[in-house]
Amino acid sequence: MRASVLTVAPLGSDGHLLLLGEADPSSSLEPPRLKVRLAAADLAACRDAIGDALDPAALVNRTVVLRLQTSLRQRYGRGAGVQARVIAVISVGAVPVEGEIQRERTLQRLRREGRRLGPGTWEVPEDPRHIALIAAEFGDARRDVEHVLRPLEENGLIRLHRIYAMFEGPSAEHSLSEAFGRAGELHREHGLSATLVCRGGGPVEGFQALNAYATVRAATGTPNVIAGLGHAGTPLTALDAVAARSEPTPTAAAILVRRLVEATGVRAERALAAFDAALAENLEAAGRIALAGALQGFAASLGDLAELADRRLRQLNRGVERSLLTGLAAAAGVGTGATAEIKPYAAPIEVLGFGDGDDDDPAWEPGWALVTAADTGLVIERYRELKSHMPLFLHFRDGTIFVRVVPTFVTYN
């Protein structure tokens, strides 16, 4: 079997696992692959046949001719599969240099044109939303990217725009150029945050379209190109050199996008926390200012009320004093027409308690219109109805005044 070695993975002391692909590029969208096992005992026999310089890790991206032993096995839940074992390494091809030459020519031409290349074109997206994916419609590269980004897409965090293209064959350059043109249209329509260009491993010859000038020039007009081409051992292409980010595998390129989205979420959480803190601080400050203003207004209102109450009490005291003195003077001159003279330094006499007088009503001032109890509203008609400390309303023709009955000693002649 003639094939290209895509990857080599050690299996401990049991040997190595080789991933084989097409030896010659074809027009297929994604080359077929076959995993084969190179046991330690078979490796020793192969070294005896072709020399001791055979190193399994050095087989990556090289064309080999192998003799395989294949068999069918039943895989649980996945049906029948093919397992293969290397029993002989017949020949190992040299590493082609045509791809390196084409890569350098393309990059030199782009530099002469003054185009911006490489990581210097990267602009960190603040809110990764629209992501373009250029990949083969059928192949592991697309499945690997979708496996990583599907949860973000299903939760509505990103929108993945799929653009299918051919990476091998005579139409590969035209197909990739059109794909980058479509990515440019999506950027003008939605504002792309990044453009993923991913393909699986294959022979070195299968990456010629990614070294072509037409393909790479079209890529320079696309923002934030992230290249995920081949496997870890795949040689760098011209597209890797002009891309804003170059990752070793399609999975690594998809993980980079996922980290950008996660970083946006972290920044959003920090921004919300800072906003909440600032809002709480502003509300607290505004609350303190409002409370201080309210307390100030309340204190001013209390002062006004206290002053008004003091004035009203002074007016009430003067009115009560004048009324009592007038009443006492009138009572002292009843039936004689004489006017009572009040002497403030006369000897005091004891006044009968309220309700303790005789049944005859005392004289009353004609100027009073009505006396009512402040707590019950009942009209006071007789002297005996008065009680000590009883609150009263004195209703005059020109207003009403509040008084309280207080027993005291007065002097009169």
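Arg-162 is partly exposed, at a relative accessible area of 31%. The structure is a predicted model. Arg-162 belongs to a network of salt bridges that also links Arg-142, Glu-146, Arg-150 and Glu-153.

**The salt-bridge network**

- Side chains of opposite charge can pair when their charged atoms come close.
- Arg-162 pairs with Glu-146 in a salt bridge, at 2.7 Å from N to O.
- That pair joins distant parts of the chain: Arg-162 sits in strand 7 and Glu-146 in helix 3, 16 residues apart.
- Glu-146 also meets the side chain of Arg-150 in a salt bridge, here at 3.4 Å from N to O.
- Arg-150 and Glu-146 are both in helix 3, four residues apart, which is about one turn of the helix.
- Is Glu-146 buried or exposed? Its relative accessibility is 8%, so Glu-146 counts as buried.
- Arg-150 has a relative accessibility of 36%, so Arg-150 counts as partly exposed.

**Another pair in helix 3**

- Asp-140 forms a salt bridge with Arg-143, and the closest N and O atoms are 1.9 Å apart.
- Both residues lie in helix 3, which covers residues 140–154.
- Asp-140 and Arg-143 are three residues apart, about one turn of the helix.
- Asp-140 counts as partly exposed because its relative accessibility is 27%.
- Arg-143 also counts as partly exposed, with 49% relative accessibility. The cut-off for exposed is over 50%.
- Across the whole structure, a search finds 12 salt bridges.

**Helix 4 and its cover**

- Helix 4 runs through residues 172–190, a stretch of 19 residues.
- Eight names make up its buried list: Ala-172, Ser-175, Leu-176, Ala-179, Phe-180, Ala-183, Gly-184 and Leu-186.
- Just after helix 4 comes Gly-191, with a positive phi of about 80°.

**Thr-195 in strand 8**

- Thr-195 has its place in strand 8.
- Its relative accessibility is 0%, so Thr-195 counts as buried.
- Which residues does Thr-195 touch, leaving aside its neighbours within four places in sequence? Its contacts are Ala-132, Ile-134, Ala-183, Thr-222, Pro-223, Asn-224, Val-225 and Ile-226.
- One of these contacts, Ala-183, is among the buried residues of helix 4.

**A nonpolar surface patch**

- Phe-298, Leu-302 and Leu-305 make a nonpolar surface patch of about 310 Å².
- Where does Leu-302 lie? Leu-302 is in helix 7, which spans residues 250–332.
- Leu-302 is partly exposed, with a relative accessible area of 42%.

How values were computed
Residues numbered from 1 in each chain as written. Predicted model: local features only at pLDDT ≥ 70, side-chain atom pairs only at ≥ 80, totals over all residues. Heavy atoms only, no water. Helix = DSSP H or I, 4+ residues; strand = E, 2+ residues; numbered from the N terminus. Expected span 1.5 Å × (residues − 1). Buried < 20%, exposed > 50% of the residue type's maximum accessible area, 1.4 Å probe, protein only. Patch = residues over 30% accessible without salt bridge, like charges linked within 9 Å, V, L, I, M, F, W, Y side chains within 5 Å. Areas by Shrake-Rupley, 256 points an atom, 1.4 Å probe, with all protein chains shown as cover. Salt bridge = Lys/Arg side-chain N within 4 Å of Asp/Glu carboxyl O. Contact = heavy atoms within 4.5 Å.
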